[in-house]
Amino acid sequence: MKLLLENWRKFLKEELVVPTDINKKAISVYDFDETIAASKGQIGVYDKETGQHFKTITTQAEYDKLAETGKYDFDFSNLAYITDPTELVPVTNKLRKDVENKAMQVMILTARAGNAEGEIQMYLDSIGIPTDDLYIVGCSGCDKGKYVEDMARRNPTIEVIHFYDDSEKNIRDMERAKERMADLKRIRFFMINRVDPDAEIKKQGSSLGANKERDEEADLFAKSKPTAARHKKSMGDLGPGGRIVERKKK
């Protein structure tokens with residue numbers, strides 16, 4: 001069993017592909033589970049040393065706690081199908097706007113395995129979100145911060161990054177990636193958004209290059225506010241914040 005799991009980890013590492021053909025200035029990266037939709041699913045947990053099954057978990061909080069220890073491998077194969085999904089409307093409303101934005105490349109980056117990508121596409125189609133120009137990546141519990149950093153470094157047009165996730169671990173991984181990317185002076189705006197249990201979007205902070213700037217200057221796409229002619233355009237706030245959660249059963 002231990003050898004099987006080691007081979008599986010090697011396979012996942014080799015198969016995880018980062019796109020290198022993004023030609024837009026902004027990218028918006030969304031988690032799927034408990035961010036876009038709430039659904040039922042199970043993750044198998046295995047001891048790295050022995051390869052023995054440790055337990056089966058069903059929540060993001062359980063996964064985050066065990067993943068932080070570094071002692072376990074995780075089997076995401078039971079998440080190949082989306083079971084009994086509930087749309088988290090405050091987030092999908094934002095997702096719809098980003099998909100419509102021609103200057104924005106949208107990606108769904110999920111901890112599910114790659115075999116769930118087709119299921120996610122079908123689900124998004126079923127709730128009226130176009131998927132023709134979406135990247136959907138199942139990264140099997142990868143470090144999302146490292147993945148987004150690699151993507152930003154490989155695609156020199158990217159200047160703006162938005163990230164949406166409910167997982168505290170993924171938020172921390174992304175914050176560490178943001179710090180490492182301070183050398184990329186072209187990254188003008190990096191907003192990390194935490195999706196809380198009520199599906200409200202909470203801004204975790206932003207940075208332009210290595211320096212913090214005013215949020216109203218950070219949104220690349222908002223209408224400008226009146227300013228003196230010698231200054232650059234000022235930008236409006238971004239994000240739905242404070243709305244009552246509406247859940248649509250699918």
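Y63 and F74 are both buried, where buried means under 20% relative accessible area with a 1.4 Å probe, protein chains only. Keep in mind that this is a predicted model, with local features needing pLDDT of at least 70, side-chain atom pairs counting only at pLDDT 80 or more, and totals for chains, interfaces and linings using all residues. Residues are numbered from 1 along each chain as its sequence is written, and side-chain values use heavy atoms, leaving out hydrogens and water.

Let's stay with helix 2 (residues 60-69), whose buried residues are Y63, D64, L66 and A67; helices here are DSSP runs of H or I, at least four residues, and strands are runs of E, at least two, numbered from the N terminus. The cover over those buried residues includes strand 3 (43-47), strand 4 (53-57), strand 5 (72-75) and helix 6 (168-180).

Now the rings. Searching the whole structure turns up four aromatic pairs, meaning Phe, Tyr or Trp (six-membered) rings with centres within 6.5 Å, called stacked under 30 degrees between planes, edge-to-face over 60 and tilted for the rest. One of them is F32 with Y123: the centres sit 5.8 Å apart and the planes at 85°, so this pair is edge-to-face. F32 lies in the loop between strand 1 (26-30) and strand 2 (37-40), while Y123 belongs to helix 4 (residues 117-126), 91 residues apart. Y63 and F74 also pair edge-to-face, at 4.7 Å centre to centre and 65° between the planes, linking helix 2 to strand 5.

Finally, the cysteines. There is one disulfide, taken as cysteine sulfur atoms within 2.5 Å: C139 and C142, with sulfurs 2.4 Å apart. Its S-S torsion is about -80°, so the disulfide is left-handed.

Conventions:
Buried < 20%, exposed > 50% of the residue type's maximum accessible area, 1.4 Å probe, protein only. Contact = heavy atoms within 4.5 Å.
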